[in-house]
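Me: Could you take a close look at the aromatic rings in this model and walk me through how they sit together?

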Amino acid sequence: MYSHDSIIMKMKVSSNCRRRSSKPKDQRMDLIGHGQISHSGIKAVSLQKNCKFSSSPSSVLCLCIVTWNMNGKLSTKDFIELVGKEPRFDLLAIGLQEAPRQNIAQLLQSALTETHSLLGEATMQSLQLFLFGPKNSEIHMKEVKIDKHAVGGYGGLRGRKKGAVAIYINFNGVRMIFVCCHLSAHEHKVEKRNSQCRHISEKLFSKDRNPYSRPSHLTVWLGDLNYRIHGISTLPVRSLIQRNLLSLLTSKDQLLQEAERGQVFNGFCEGTLSFKPTYKYNIGSSDYDTSYKIRIPSWTDRILFKVDSGAGIDAVLRSYESIDCINSSDHKPVRAHLCLKMNNVQMPV
């Protein structure tokens, strides 16, 4: 028996954030938890900065997950900041929206050249997803699949393709799906975003639909979901941000509201929104939009995850943050560190 059972029992992720589907089906196709009889919305997960699984490193898989709307801009030093100068993770998933027409995979590999190599990539014009693993870890990959689905937008010079790209990977027996999406903009299009989430969930990997296939252990959605803060004007929002009263804004967040209604992401988990809204900034600064539109700051950029209830996996969220020092875009990147302990899967030392 694992010596830290008493600690694991207290973990909010393992006890509060996993829900069984209301009926047996291929859960790889139900990527947002829509259609379940009961719903509980998105569970806010408290951070545990020190991984409680450190005493059993051989069965722990640490993930770094990053999402960033690049606004068509490119700065090589930003990628180094994204991954960190001393990477401390096993797998790295980076999802990009409005990516410029450059070889992003090569630039990321250059930033990780000493430690990690590319395991898979899924791209659809300006919407891109990359998955990196430790060097020589390809032997632990049993299966990798990619898919994509467009729901609108365009990927030309302005690079605003809407839809999702996804990677499914079986890494040493742990089945994971990463979905990077870019949904429709503007505050009033909340129902359209809901519809796009459901449509993407139904279409991704639909060619592999198999009622007998096993569900993924972990599903992660990351991207510019474009849900906004609404019901409050921009000046009061900025005032609350300035006074660090972010908790008073979460009740105005469309994504949390729609999840509470059971429209999207039922049973998913997300770290507490303790960082400032990530959009919209003046490019080259950390000042919010001063254009004539004076947009309402919003948490458009998110990372959500769900652990299958029968996976035999416990999870700890070590960090959930925006990277404020990067200012080449009108969005701030968002990064999460997630540690998984496989109770039934032995990872290599």
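Reply: **The aromatic rings**

The structure holds five aromatic pairs, where rings of Phe, Tyr and Trp (its six-membered ring) pair if their centres lie within 6.5 Å; planes under 30 degrees apart count as stacked, over 60 as edge-to-face and the rest as tilted. Take Phe275 and Tyr320: this pair is edge-to-face, 5.1 Å centre to centre with 80° between the planes. The two residues are 45 apart and link distant parts of the chain, Phe275 sitting in the loop between β10 (269-271) and β11 (301-307) and Tyr320 in strand β12 (residues 313-322). Strands here are DSSP runs of E, at least two residues, numbered from the N terminus.

A quick word on the ground rules. This is a predicted model, so local features need pLDDT of at least 70 and side-chain atom pairs count only at pLDDT 80 or more, while totals for chains, interfaces and linings use all residues. Residues are numbered from 1 along each chain as its sequence is written, and side-chain values use heavy atoms, leaving out hydrogens and water.

Back to the pair: Phe275 is buried, with a relative accessible area of 7%, and Tyr320 is buried at 4%. (Buried means under 20% relative accessible area, exposed over 50%, partly exposed in between, with a 1.4 Å probe and protein chains only.) Next come Tyr281 and Tyr288, a stacked pair at 4.5 Å centre to centre and 25° between the planes. Both Tyr281 and Tyr288 are buried. Tyr281 also has the charged end of Lys332 over its ring, 4.8 Å from the centre; that label needs NZ of Lys or CZ of Arg within 6 Å of the ring centre and within 35 degrees of the ring normal. Likewise, the charged end of Arg193 sits over the ring of Tyr227, 5.2 Å from its centre. Finally, Trp221, Phe265 and Phe268 form one aromatic cluster.

Key. Helix = DSSP H or I, 4+ residues; strand = E, 2+ residues; numbered from the N terminus.
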